[in-house]
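Dear colleague,

I am passing on the structure we spoke about, with the sequence alongside. Please look it over first, and then read the notes below.

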Amino acid sequence: MSQSGLRERAKRAGLGRIAEKIFAEERLTREDGVELYATPELHVLGELANHVRERWHGDLAFFNVNQHINYTNLCNKFCKFCSFDRLPGQEGAYQMTPDEVAEKIREHLHEPVTEVHMVGGVWPKIPYEYYLDVLRAVKAARPEIHIKAFTMVELDQIAKVAKKPMPQVLDELREAGLGSCPGGGAEVFAERIHREGYRQKISGDEWLSLARTVHEAGLRSNCTMLHGHIETAEERVDHHDKLRSLQDETGGFQTYIPLSFHADNNEWTHMSKGPTALAELREIAVSRLMLDNIPHIKAYWILMELGIAQTCLSFGADDVDGTVVEERIYHDAGATTPQETAREELIQAIRDAGRIPVERDTLYNVVWSENPEAMPEGTAISDIAAHSASV
Amino acid sequence: MTAPTTVATAPPGTGLDSPCVSWRAPLVSESRREPVRSQLAEISAKVEADERITAEDALLLHERADLATLGRLADLVRWRKHPEPIVTYIVDRNINPTNVCITDCGFCAFYRRPKADGAYVLDRDVIIAKVRETAEQGGRQILMQGGHHPYLKTDWWCELIADLKERFPEVNSHALSAPEIDHLAKLDKRPVEDVIADLKAAGLGSVPGAGAEMLVERVRLIIAPKKTTTDQWLDVHRKVHEAGLRSSATMMFGNVETAAERIEHLVRLRDLQDETGGFTAFACWNTQPDGVPEAHLYPPKVSSGVYLRVQALSRIFLDNFENIQTSYVTQGMKMAQVTLRFGCNDFGGTMLEENVVSAAGCFHLESIQGVERQIEGAGLLPRQRNSWYGIADDRHDGECFPSNASDAATHAAAKGASA
């Protein structure tokens, strides 16, 4: 790949020093990250992120066919950015029974869903057995489905109610069907924001420590950051730095997903309208450059709109998430994207962005690819990436 | 009794057989490999040196360039044309005096045949009330266009425009697309220039760029066979410019055209602009096929990625157009913000009312705030403009030029001579 044009443009944009580090695959400092958040040279930033993205994945862009289930909205955390939580007796409060969860799974048996993403509120009266029963019910309804469930915040609660050590809880959840953990609940690790916005929730350090335990138990997980509210560039960069330090230790994170703050119907409505489209592009680009040891950066289309996610595929992202049957948390907060995108539409969107669509499962095994001849059965994703980079 | 249903089948090259469906964006990695890498570098160098690119260059960009390169080059041209970090928009309202139309375009969900259910002609009083509301909101323009009504002749329009001009001198009539003017000439059985002269004398201030669709006869014969031809569309605009009026230009893509035909459209516009300098701006959008009469002819809507490609390319290719407008109506406000870094420097109108693309809406004051928020969110300065792209905003230090149609006419001539 020729770097001469980009090298020259980065120099002119005042990003020459950072660009040289990127070309040499050196780790960027937190100060570098802050500088990247501040640069007006959005296109150069995007090109640099794209360069790294293509080093990892060539032309490949991943998606999956998935289903979301939010098993309860009962929650005692009172996070100010949340529009989804309810207390018992409040209008719209609900908790699904394991059978109701299974019914949601059965509703989509005719569709090629490979993953269920299952998260919910934190409610201490829910017994430990419930979580195990929900996992078992899902597996009974669709044995081959991968269950990606329970953020670190929920796991903390589950272990409390189980009154057992976390490693044992994780073993039992896995036994019941848990496949991996989603990345939510990280918000921003900065203690300032934790105190201001979600003080009842586990702290950033606790989140990281739980993620370490999850990885040590042999489970993969994702990581996130809720951005576009009251956080500063320094706080974002610190967040990235903590994630990559833990990743150096465990290697257990698969994907980083920036989550755009949505401002409707919550206590932070007056604080921010949420990130602009250009801020979303920038977050994707900076995180791709900072998180040099996390394989995937996801442009979660349902939060951004599909067109923005397409654009992100040239600004550092390599994943757009999935078809998402039924999403409630962000739609309660004002997301207006359709809740389901046909597989074909996602594939076309990826093609139109100049990328090769690859349907993956949760653990990034290939389910389907646009170029079957490039993909003998059992091909690992790294093989295709190498192939697409060498064609 | 149920009416017999006939399922219209799409002729070859239309519907799912459209070239827009089989078209594939180039893989990004292709742009890094020879010979494409060198070809793109050569074209980039031309753009960076402010040299004109050829139609072949444009086609190569369309077919081989990655989105990042297109965005970078379009952004570069945008800043060269407009070094100040300003994005303009106009407070305006769309008024469609009639939806009666005898042109039967299969992609139009707005029109009604004469005497059909829902066919209407607005009373003068209704139009006046709408313009009054617009004026009270500080609106500077009404975009008036509508169906090709078989009986509403030039006189009807001249009376309306003159009446509005007298009542609301600060609101410009930006009215009558080229196909409508051509239609009036046919109804009157007299030359287009005479119709334009009458409309101008009545107070018409500028002409919208609608009805261009694709300026390629092969495509027009499929999507709008009864509409003004490519040559006629261009000729009406030429005569509008010769009469000292300015107009805008558009392109509706993503129907049955090929990539080369998109370029052909842009070539025709750039050539005419070389000749007259009378175009103020260019805007493009993708065909919106939901619920249109001849839905079977149209492929699914092309995605935002394709829109971004075509829009950026138009900024790069149309080197003699000052302004490129975004299309937030079709792309949404978030994508519209992205286009501000992919070549667009104008947000178009706030459209306090819009009937053709959407269902009838009323005043949305937040639309002004919404537009400003998107522009500010991009780190740019929102400024209101008039129909001739003079900045008319208290927040702006510079002089408002052009400030009216006759200023603009002089301006146009100067541009034409220097092009």
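What covers the buried residues of helix 8 of chain B? In this predicted model, the cover includes helix 6 (154-167), helix 7 (178-188), strand 5 (204-207) and helix 10 (230-242), which also belong to chain B. The residues in question are V192(B), V195(B), I196(B) and L199(B), which are buried within helix 8, a helix that runs over residues 192-202 of chain B. Seen down the axis of helix 8 of chain B, its buried residues fall within an arc of 100°, and they therefore line one face of the helix. An α-helix has 3.6 residues a turn, so residues three or four places apart point the same way. Just after helix 8 of chain B comes G203(B), which takes a positive phi of about 125°.

Turning to the core, the largest nonpolar one has 211 residues, and those with the most contacts inside it are V138(A), A299(A) and F282(B). Leaving aside neighbours within four places in sequence, A299(A) is in contact with I284(A), M304(A), A309(A), C312(A), L313(A), A317(A) and V320(A).

As for the interface, 31 residues of chain B are in contact with 33 residues of chain A. On the chain B side, the elements that give two or more residues are helix 2 (36-48), helix 4 (67-81), helix 12 (304-317), helix 13 (328-339) and helix 14 (365-377), and the largest share, 6 residues, comes from helix 13 of chain B. The residues on that side of chain B divide into 12 nonpolar, 10 polar and 9 charged.

With best wishes

How values were computed: Residues numbered from 1 in each chain as written. Chains lettered and ligands numbered in written order. Predicted model: local features only at pLDDT ≥ 70, side-chain atom pairs only at ≥ 80, totals over all residues. Core = buried A, V, L, I, M, F, W, Y, C linked by C-beta atoms within 7 Å. Buried ≥ 20, exposed ≤ 12 C-beta atoms within 10 Å, placed from the backbone. Contact = placed C-beta atoms within 7 Å. Helix = DSSP H or I, 4+ residues; strand = E, 2+ residues; numbered from the N terminus. Nonpolar A, V, L, I, M, F, W, Y, C, P; charged D, E, K, R; others polar. Arc of directions from axis to C-beta.
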